[in-house]
Amino acid sequence: MDTNDVDDEEFGFSRNYFLAKELGSSGKKSTHKLSDIDPVDEQELREAMANIEPKHESEIASLMNSYRSSYSKWAFELRCGFSLLMYGFGSKKALIEDFASTTLTEYGVLVINGYLQSINLKQMLIALAELLWDQLKIQRRTPSGNSSKVQQPFNSRSVDDLLAFLDGPQVEGDECFVCVVIHNIDGPGLRDSETQQYLARMAACSHICVVASIDHVNAPLLWDKKMVHTQFNWCWYHVPTFAPYKVEATFYPLILTHGGTSQSVKTASIVLQSLTPNAQNVFKVLAEHQLAHPDEEGMPVNNLYTICRERFLVSSQVTLNSHLTEFKDHELVKIRRHSDGQDCLYIPLATEALEKLILEISQ
C-alpha cells in the first residue's frame, strides 16, 4: 500500500473521530439526576433478595465437596508452620468452617468475623490465650488432677504480653496449637495497618496457626514482604465457591437504599448506649435544641457548654470537648460554620429520626 494512502486513511479516521465528538457534544443532554432515583427501603430490598431462588445448587455443592480432598494437605501445611489464605469468587465462610470442624478437631479453634465493622483486637488475643492455656493445663495436669501452675488473668495483660505468651515455649513433647479462622482478613474492621501488623505478629507465634480468606482484589497490598513470607507465611489457595455472600452482606449498606429512618435511629442508638449517661444527656441537650430551632444552622459550642454546666452535666470545657470528640468520631455530631463566623454543632439526622432517637435513649 502506498504511503500516501496510509496517511489519507489515518487522517480519515481522526477526522471522523472528532466529527463524532462534536455531534455527541451538540446533542441534547439528559435532564435526569441521581437525586431523581427513588430508593427503596433497606428492609424491603433485603426481603426481596432473600426470596431470590439460588441457581446451580448441585454444581456448587459438587465443587465444595471436591475441596474436601485437600483437607489433609491443608492440615499438614498448618502443622509445618504455614498459614492458609483462601481466595476466589464466592463466600468461603462455609468451606473454611467445614474444614475446621472436620479436620482441626485436635486444635482449639477461634473464629474471627472480619466482615464486621469493628473488632476488639485485645479481646481476640485474650480469647486465644485462654484457649491455649486450657490446652496447656490438660498436658500439665498431674496424676492427682491438679494443675502444676496457676495462671494470672489474661485481662490484665498488655497486647505485647499476650503475644509473648502465645509465642512462648510452653510445653515439652507434644505441641499445643490454637487455630485462628479469620473470615475476610481484609474486612473493614481489620484492614488498617496497625491491626494487620498485630495479626502478622500473632500468626508468627509458635502456638498459633491461621486460616484466612480475602475477597478484595487489592487485599495483598495490606502486607509487606516480611509479613507475607516470614510472619504470615501464606500458602495461597484459589478456591472459588460461587456461594452467595449472605452472612457477610448483612453487615454492609445496600446500594440504592435510603437505609430508612429506623435504620439510622438503630445505628445511632447502639452508639449512644455504649457511652456514659452524662454523654447521652449532653447529646440530648443538643438534640432538643435542634428540634426546637429547626431553621437554625446549629447550636454554638459556647451555648451548649453553658446549658450543660447549668445542668451539672459537665464541669469544664475539657469535659465537654471529650464528649464532643466521641460524638464526632462516631459521626453523631458534625460542625459547620455559622453566618457570624462561629462554629455550630448539628446532628445529621432528619427531624423524625431525631425524635425517635431521643425516645429510645430516654427509655
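First, some ground rules. Numbering starts from 1 along each chain as its sequence is written, and side-chain values use heavy atoms, with hydrogens and water left out. Because the model is predicted, local features need pLDDT of at least 70 and side-chain atom pairs count only at pLDDT 80 or more, while totals for chains, interfaces and linings use all residues.

**The cores**

In soluble globular proteins, nonpolar side chains tend to be buried together. A nonpolar core here is a set of buried Ala, Val, Leu, Ile, Met, Phe, Trp, Tyr and Cys residues joined through side-chain atoms within 4.5 Å. Buried means under 20% relative accessible area, exposed means over 50%, and partly exposed is in between (1.4 Å probe, protein chains only).

The largest nonpolar core has 38 residues, and I182, I185 and M202 have the most contacts inside it. Among the elements giving it two or more residues are β2 (108-113), α7 and α8 (193-203); helices (H or I, at least four residues) and strands (E, at least two) are DSSP runs numbered from the N terminus. The largest share, nine residues, comes from α6. A second, separate core of 30 residues includes V271, L354, L357 and I358.

**Two one-sided helices**

The arc in this table is that of the directions from the helix axis to the C-beta atoms.

| α7 (residues 159-167) | V159, L162, L163, F165, L166 | 155° |

A pocket is an open set of points on a 1 Å grid over the protein atoms alone, where a 1.4 Å probe fits, with protein on both sides within 12 Å along at least five of seven lines; lining residues have an atom within 4 Å of a point. The second largest pocket has a volume of about 620 Å³ (the space filled by probe spheres set on the points). Its lining has 18 residues, with M49, I52, P244, Y245 and K246 nearest the centre. α3 gives the most to that lining, four residues.
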